[in-house]
Amino acid sequence: MTEVQVHNFLVWETIAVSAVIFLFLLVRAAPYGRHYGGSGWGPHVPNSVGWFIMELPATVLFLAFFVYGSHAREVVPLVLLAVWQAHYIHRSFIYPLRTSNNRRKMPLIVAGSGFIFNAVNAYINARFISEFGHYDLAWLGDIRFLAGLAVFIGGMVLNLHSDGILLRLRKANASGYKIPEGGAFRFVSCPNYLGEILEWAGWALATWSLSGLAFFLFTAANLVPRARSNHKWCKETFAAYPARRKALIPGIF
């Protein structure tokens, strides 16, 4: 098989796996955070370590795959590299430090699965933007790139702001979970997930690629059921949970 064929296979495999994962997570919540009972999933690690393991390939391997592309020194691929790394440098290195809490655990199988996915995802996206895709300088003025970048930035702002609210709440209430308030939490239970979904919808649009679409679908397949599970858990756990608050999309879902 040529590399192009391998790349195409991995893209379509990612899309197929997204459908399977979506259906599975509708039935059973992924075992980390509030949905991890502490047994039945094998060895575990602290949450911050698990996040670092999962997200590291998305930063390091993405850059490694990118630099070997024939278009790696061109302006548009470098801009897209900066957009990608803006998210993942925070997610791989800063976020785990901010969430360092040895009381919360993650099954090693979850961290390992995330590592594998992020390695594949880094490959299909990095190789497309620096090797298989073709972006001339005019792409920076294309409505698809501009709209995608705007959606990505908006999603990132929403994600970071919502994560900040959650982190402050956890530090103030180390003994357990509390109802988050303020920001987009006024409308939905998981605005941090909504922000991340928007980021990768923006990426798919800005790159105008099947690789980007596959990543967006995989992200949504994981986070939409997760938001549903978290919302249900909150309503069952907190008697005073706001009745009008939705799971992910204000006023809809």
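# A walk through a helical chain

Start at the N terminus and follow the chain along: its elements come in the order α-β-α-α-β-α-α-α-α. That gives seven helices and two strands. Helices here are DSSP runs of H or I with at least four residues, strands are runs of E with at least two, and both are numbered from the N terminus.

Before you click on anything, know that this is a predicted model, where local features need pLDDT of at least 70, side-chain atom pairs count only at pLDDT 80 or more, and totals for chains, interfaces and linings use all residues. Residues are numbered from 1 along each chain as its sequence is written, and side-chain values use heavy atoms, with hydrogens and water left out.

**Zoom out: the whole chain**

Show the C-alpha atoms alone. They fill a box of roughly 55 × 40 × 30 Å along the principal axes. How does the radius of gyration agree with that of a compact globule? For 253 residues, a compact globule would have a value near 18 Å, and the chain has 19 Å, so the two agree. The radius is taken over C-alpha atoms, and the globule rule is 2.2 Å times the number of residues to the power 0.38.

The chain exposes about 12400 Å², and carbon and sulfur atoms supply 68% of that. Such areas come from the Shrake-Rupley method with a 1.4 Å probe, and for residues only the protein chains shown count as cover. Of the 253 residues, 48% count as buried. Buried means under 20% relative accessible area, exposed means over 50%, and partly exposed is in between (1.4 Å probe, protein chains only).

The mean positions of the 22 positive and 12 negative charges are 17 Å apart. Lys and Arg count as positive, Asp and Glu as negative, while His and the chain ends are not counted. Each charge is placed at NZ of Lys, CZ of Arg, CG of Asp or CD of Glu.

One more overall number: among contacts with a separation of 6 or more, residues 24 or more positions apart account for 83%. A contact means heavy atoms within 4.5 Å.

**Stop 1: helix α4**

Select residues 108-132, which make up helix α4, and find Ala111 there. Ala111 counts as buried because its relative accessibility is 0%. Leaving out residues up to four places away in sequence, Ala111 touches Gly50, Ile53, Met54 and Met106.

Is Asn121 buried or exposed? Asn121 is buried, since its relative accessible area is 1%. Beyond residues up to four places away in sequence, Asn121 touches Trp84 and Phe215.

Next comes Tyr123, again in helix α4. With 14% relative accessibility, Tyr123 counts as buried. Setting aside neighbours within four places in sequence, Tyr123 is in contact with Glu3, His7, Leu10 and Phe65. For some distance, select Pro191: 68 residues from Tyr123 along the chain, with 28 Å between the C-alpha atoms.

**Stop 2: helix α7**

Jump to residues 210-237, helix α7, and pick Ser211. Ser211 is buried, with a relative accessible area of 2%. Which residues does Ser211 touch, not counting those up to four places away in sequence? They are His7, Val11, Ile124, Asn125 and Phe128. Zoom in on Ile124: the side chain of Ser211 reaches the backbone oxygen of Ile124 at 3.2 Å.

**Stop 3: out in the loops**

Step back to Trp208, in the loop between α6 (191-207) and α7. Trp208 counts as exposed because its relative accessibility is 52%. Check its backbone as well: Trp208 has a positive phi of about 50° although it is not a glycine.

Then visit Leu137, in the loop between α4 and α5 (143-172). Leu137 is exposed, at 58% relative accessibility. Apart from neighbours within four places in sequence, Leu137 is in contact with Val75 and Val76. Val27 is 110 residues from Leu137 in sequence and 46 Å from it in space, C-alpha to C-alpha.

**Last stop: helix α1**

Finish in helix α1, residues 3-27, where you'll find Ala19. Ala19 counts as partly exposed, at 42% relative accessibility. Select Phe145 along with Ala19: the two are 126 residues apart along the chain, and 27 Å separates their C-alpha atoms.

How values were computed: A polar contact is a pair of N or O atoms within 3.5 Å; within protein, one must be able to donate a hydrogen and the other to accept it, and residues adjacent in sequence count only if both atoms are side-chain atoms.
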